[in-house]
Amino acid sequence: MDRYERINALHRILKSARYPVTVPRLQEELGCSRATVYRDLAFLRDALMAPVVGDGEAGFRYESGEASRFELPGLWLSSEELHALLAAQQLLARTGGGVLSSALAPLHQRIEGLLAEHAGGKRWPVERVRVIPHRTRRTDEHAFRTAASAVLERKRLAFEYRARSTDEKTRRTVSPQRITHYRDNWYLDAWDHERDALRSFSVDRIGNARVLEEAALDIGDDQLDQHLSSSYGIFSGEPKGWATIVFSPKAARWVADEHWHSMQQGRWLPDGRYELKIPYGTSRELLMDVLHYGSDAEVIEPKSLREQVRSLLSLALSQYDRD
């Protein structure tokens, strides 16, 4: 535990204590030496003006009547929180020129100020925290802002949508439910009023979006999770079945530590391979991820999914049989 964490922990202990806390107990709670406990108590009392009273024999506590009113000044971060903040700072920095850059500029400046404050004036080497975007799509800032506003304001949204699979353009009127960041891209989860069903729309395919005055229809979280999270992938829908995939011993060392789905089931096989079972509705995203592993992955069942893999591999191989 570093000093910031110790001070924060010491403050919590003294604030909640009804009776004086002895130094040995503080040593045990904070994981530090007797001398360190006394230094931290002195820092709380003298530098932070905490209402610390007591002595080394009877123990220490906050003065009666003052404990409820005293709080640590500023923002006190644990090492885990600081590391997360560093990563967030770099993520915001990497959005320069992107859809979030102007909207998040004030937050970026605030994070930099918090880091400087926490470091006591020293500069954190934030460039050593790397965030590398992968296969991001170009998103129209107006579409993103409008979709996000409709979600937060709970208003209906009208827009043109060009489906990537067919390139067909349609007009949609929806009740936005959630804005979702998935695999470095943004999606709008919404109730489609024309189709009377929940749908997910890729924000980069939305055009001419406008927020309507009519209030959005609210779908319960349980229903949203059941439809949008019960199967594999962003366009999940209700699960049609369970896929069983077996990975080679080489790939197993990666797959066993990966999160594919909240309801996934995995087990090691006696020969060192790894078996993964996943609920799925639409197969295309699952097949894309399985094929990513090439010969190190094999779909065992259902038979229909196994045949889809066979067909895709045959089509891919045919591209190389033309010479």
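The exercises below treat a helix, a sheet, a loop residue and a strand in turn.

The model is predicted, so that local features need pLDDT of at least 70 and side-chain atom pairs count only at pLDDT 80 or more, while totals for chains, interfaces and linings use all residues. Residues are numbered from 1 along each chain as its sequence is written, and side-chain values use heavy atoms, with hydrogens and water left out.

**Exercise 1.** Determine which residues of helix α3 are buried and where they lie around its axis.

*Solution.* Step 1: helices (H or I, at least four residues) and strands (E, at least two) are DSSP runs, numbered from the N terminus. Helix α3 covers residues 34-47 and has 14 residues. Step 2: "buried" means under 20% relative accessible area, calculated with a 1.4 Å probe and protein chains only. In α3, the buried residues are Thr36, Val37, Asp40, Leu41 and Leu44. Step 3: these residues cover an arc of only 135° around the axis, which puts them on the same side of α3; the arc is that of the directions from the helix axis to the C-beta atoms. Step 4: the buried residues of α3 pack against α1 (3-16), α2 (23-30), β1 (52-55) and β2 (59-62).

**Exercise 2.** State which strands stand at the edges of the open sheet of 5 strands.

*Solution.* Step 1: two strands pair if DSSP finds at least two bridges between them. Step 2: the strand order is β6-β5-β4-β3-β7, with antiparallel pairing. Step 3: β6 and β7 each have a single partner strand and stand at the edges, so one side of each lacks a neighbour in the sheet. Step 4: as an example of pairing, 8 bridges join β4 (residues 169-182) to β5 (residues 185-192), and valine 174 stands opposite aspartate 192 in β5.

**Exercise 3.** Is valine 203 buried or exposed?

*Solution.* Step 1: valine 203 lies in the loop between β6 (197-202) and β7 (206-215). Step 2: its relative accessible area is 1%, so valine 203 is buried. Step 3: leaving aside residues up to four places away in sequence, valine 203 touches Thr139, Ala143, Phe144, Ile179, Trp186, Tyr187 and Leu188, where contact means heavy atoms within 4.5 Å.

Methods: Buried means under 20% relative accessible area, exposed over 50%, partly exposed in between (1.4 Å probe, protein chains only). The expected span of a helix is 1.5 Å times one less than its number of residues.
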